[in-house]
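Subject: The structure we spoke about, with notes

Dear colleague,

I am passing on the structure below, together with some notes on what was found in it. Please have it open while you read, as the notes move from one part of the chain to another.

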Amino acid sequence: MITKILVPLDTSELAEQALLTAAAIAQASSAELWLALVHPMAPVAGYPDAPWNAARTSMKGGYVDDKAREIEQQFGVRVVTKLLRGDVTKELAELVQAQHIDLIVMTTHGRTGLSRSWMGSVADSIMRSVDIPVLMLRECKPGSEHWQKPQAFSRVLIPLDGSLRAERIIDSAVTVAGSNASFVLARAVAPVPSVPAYADPYAITTSTVDPAATDCMVTEAADYVGRVATMLADRGVTSVEQATTVSDHAGSMLLEVARAHGVDLIALGSHGRGASRFIFGSVADSILGDSMLPILVCRGGAV
């Protein structure tokens with residue numbers, strides 16, 4: 001259940017693009033919408049804060065209040081504003097913990113990897129600093145499909161790897177997209193290599209696949225995906241599709257599944273060790289670099 005949603009702002013149009021989608025989710029969930037702007041400290045000549053920061057802070061406070069009024073009038077949701085000072089990631093992480101925020105919604109440029117995302121590496125830092133889902137929307141250009149209107153998610157891809165960490169994203173995905181959305185559960189199975197009958201240190205061998213063992217793994221994976229599909233049905237989801245595929249490249253496989261099923265959101269559970277350590281190793285980096293789809297990410301605990 002989502003009761004509080006946070007949108008970090010920095011006065012840029014890019015950051016503001018998350019507002020409408022976050023407000024729509026807040027409206028559907030009867031949740032509060034929190035708008036936070038962190039003003040970086042600018043020490044000068046040994047003083048902890050430059051004298052002109054007071055004026056800038058006042059202007060930014062007015063900016064956040066204006067955005068809050070616009071959202072309240074348009075969506076009828078309760079909006080809470082917060083103007084903070086200091087390190088962006090640290091202040092936002094502390095706000096999330098202190099106020100029990102359930103979801104962060106923010107916009108990224110949609111370029112390769114997280115290192116070029118909104119506010120440099122802030123998106124990556126935030127995901128590594130909080131234990132709640134983060135919905136990363138892609139930048140919209142004027143005249144594009146989602147320009148100046150909320151994004152609705154009708155088909156959601158949830159990659160699975162057999163771990164509880166990966167499954168942790170399911171409840172958040174259902175809440176963000178709604179139980180009326182269609183969900184695609186995907187599991188990639190790596191081919192099982194054949195084991196030579198004897199070891200010859202001088203023999204030249206080639207890597208081959210054990211069809212029987214691979215088929216067994218596929219069957220087990222399909223059974224597992226079926227059990228997760230039942231869990232979704234128990235949560236009121238009426239449309240669940242399943243995709244279990246043999247592939248050495250999970251990232252490419254998932255993007256192909258996303259294209260084939262017309263997915264408009266990918267929901268990923270992560271191991272919580274940074275962008276390069278999401279489920280399937282560097283799968284999240286691959287998806288971020290090769291797809292322009294929005295991504296819902298949740299860092300996992302020690303399961």
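The mean pLDDT of the chain is 81, and 77% of its residues reach 70 or more. Confidence is highest in strand β1, residues 4-9, where the mean is 96, and lowest in helix α10, residues 283-290, where the mean is 63. Two stretches call for particular care: over residues 111-120 the pLDDT is below 50, although the model gives this stretch 31 contacts beyond near neighbours in sequence, and over residues 272-281 the pLDDT stays under 50 as well, with 29 contacts beyond four places in sequence. Where pLDDT is low, the predicted coordinates should not be read in detail.

The largest pocket holds about 390 Å³ of space, and of the 19 residues that line it, Glu16, Gln17, Leu19, Leu20 and Gln148 lie nearest its centre. The elements that each give two or more residues to this lining are α1 (13-16), α2 (18-29), α3 (53-75) and β5 (134-138), with the largest share, 4 residues, coming from α3. Sorted by class, the lining of the largest pocket has 6 nonpolar, 7 polar and 6 charged residues.

The second largest pocket has a volume of about 250 Å³, and its lining consists of 14 residues, of which Ala28, Ser29, Thr175, Val176 and Gly178 lie nearest the centre. Helices α2 and α7 (169-177) each supply at least two residues of this lining, and α2 gives the most, with 5 residues. In the lining of the second largest pocket there are 9 nonpolar and 5 polar residues, but no charged ones.

The buried residues are Ile169, Ile170, Ser172, Ala173, Val174, Val176 and Ala177. After the helix comes Gly178, whose phi is positive, near 95°.

Because its relative accessible area is 1%, under the 20% cut-off, Ile170 counts as buried. Leaving aside neighbours within four places in sequence, Ile170 is in contact with Ile158, Val228, Leu232 and Arg235. Phe183 is 13 residues away from Ile170 along the chain, and the C-alpha atoms of the two are separated by 9.8 Å.

Ile158 leads on to the nonpolar cores. The largest nonpolar core has 50 residues, and those with the most contacts inside it are Ile5, Leu33, Leu135, Ile158 and Phe183; the largest share of this core, 7 residues, comes from α2. Apart from it lies another core, of 38 residues, among them Val88, Ile104, Met136 and Ile295.

With best wishes

Technical notes:
Residues numbered from 1 in each chain as written. Predicted model: local features only at pLDDT ≥ 70, side-chain atom pairs only at ≥ 80, totals over all residues. Heavy atoms only, no water. pLDDT = per-residue confidence, 0-100. Contact = heavy atoms within 4.5 Å. 1 Å grid on protein atoms, 1.4 Å probe; cavity = no way out; pocket = protein on both sides within 12 Å on 5 of 7 lines; lining within 4 Å. Points joined across faces, edges and corners; volume = space filled by probe spheres on them. Nonpolar A, V, L, I, M, F, W, Y, C, P; charged D, E, K, R; others polar. Buried < 20%, exposed > 50% of the residue type's maximum accessible area, 1.4 Å probe, protein only. Core = buried A, V, L, I, M, F, W, Y, C linked by side-chain atoms within 4.5 Å.
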